[in-house]
Amino acid sequence: MTPSATANIPQELLADLNQKMESLTSALLAQDPKMPTHLAAIHSTLQQYPETVHLLKDEEIGTIIKASQEYTKVKLLS
């Protein structure tokens with residue numbers, strides 16, 4: 001991650017996004033009933049700071065998609 005990519009994003013927000021990603025990963029593995037809350041929080045962050053989506057790794061984006069599929073019971077086809 002380059003300094004210019006995160007220059008306009010508060011460091012607290014990045015730390016919070018990383019924490020939410022870890023929570024989402026754990027929730028997905030444990031089938032946590034709070035998964036919708038984690039998804040909503042991540043969605044809100046990504047809407048407020050759309051550039052943060054470029055900071056996510058492919059595995060993290062995959063985790064969000066898997067959690068969304070599990071929660072909505074809708075499978076995305078590629």
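**Around Glu70**

Guide: With a relative accessibility of 27%, Glu70 counts as partly exposed, a class that lies between buried (under 20% relative accessible area) and exposed (over 50%), computed with a 1.4 Å probe on protein chains only. This is a predicted model, in which local features need pLDDT of at least 70 and side-chain atom pairs count only at pLDDT 80 or more, while totals for chains, interfaces and linings use all residues. Residues are numbered from 1 along each chain as its sequence is written, and side-chain values use heavy atoms, with hydrogens and water left out.

Glu70 lies in helix 4, where helices (H or I, at least four residues) and strands (E, at least two) are DSSP runs numbered from the N terminus. Not counting residues up to four places away in sequence, Glu70 touches Leu28, Gln31 and Met35, a contact being heavy atoms within 4.5 Å. Of these, Leu28 is 42 residues away from Glu70 along the chain, yet their C-alpha atoms are separated by 8.2 Å. Gln31, another of the residues that Glu70 touches, follows helix 2 and has a positive phi, near 55°.

Ala67 also lies in helix 4, and with a relative accessible area of 0% it is buried. The C-alpha atoms of Ala67 and Leu28 are separated by 5.9 Å, although the two residues are 39 apart along the chain. Leaving aside neighbours within four places in sequence, Ala67 is in contact with Leu24, Leu28, Met35 and Leu39.

The buried residues of helix 4 are Glu60, Thr63, Ile64, Ala67 and Gln69, and what covers them includes helix 2 and helix 3. The expected span of a helix is 1.5 Å times one less than its number of residues; for the 15 residues of helix 4 that gives 21 Å, and the end C-alpha atoms are 21 Å apart, which agrees. Just after helix 4, Lys73 takes a positive phi of about 60°.

Ala67 belongs to the largest nonpolar core, which has 11 residues: besides Ala67 these are Leu17, Met21, Leu24, Leu28, Met35, Leu39, Ile42, Leu46, Leu56 and Ile64. Such a core is a set of buried Ala, Val, Leu, Ile, Met, Phe, Trp, Tyr and Cys residues joined through side-chain atoms within 4.5 Å. Two or more of the core residues come from each of helix 2, helix 3 (35–48) and helix 4 (58–72). In soluble globular proteins, nonpolar side chains tend to be buried together.

On helix 3, the buried residues are Met35, His38, Leu39, Ile42, Thr45 and Leu46. Seen down the axis of helix 3, they fall within an arc of 130°, so they line one face of the helix, the arc being that of the directions from the helix axis to the C-beta atoms. Thr37, Gln47 and Gln48 are exposed on the other side, whereas the cover over the buried residues of helix 3 includes helix 2 and helix 4.

Helix 2 buries Leu13, Leu14, Leu17, Lys20, Met21, Ser23, Leu24, Ala27 and Leu28. Among them, Lys20 is buried at a relative accessible area of 18%, and its side chain meets that of Asp16 in a salt bridge (2.7 Å, N to O), which stands for a side-chain nitrogen of Lys or Arg within 4 Å of a carboxyl oxygen of Asp or Glu. Lys20 and Asp16 are 4 residues apart in helix 2 (residues 11–30), and so are separated by about one helical turn. Asp16 is partly exposed, at 30%, and the structure holds 1 salt bridge.

For the chain as a whole, there are 4 helices and 0 strands. The radius of gyration, 13 Å, is close to the 12 Å that the globule rule gives for 78 residues, so the protein is as compact as a globular protein of that length; the radius is taken over C-alpha atoms, and the rule is 2.2 Å times the number of residues to the power 0.38. Of the contacts with a separation of 6 or more, 60% join residues 24 or more positions apart.
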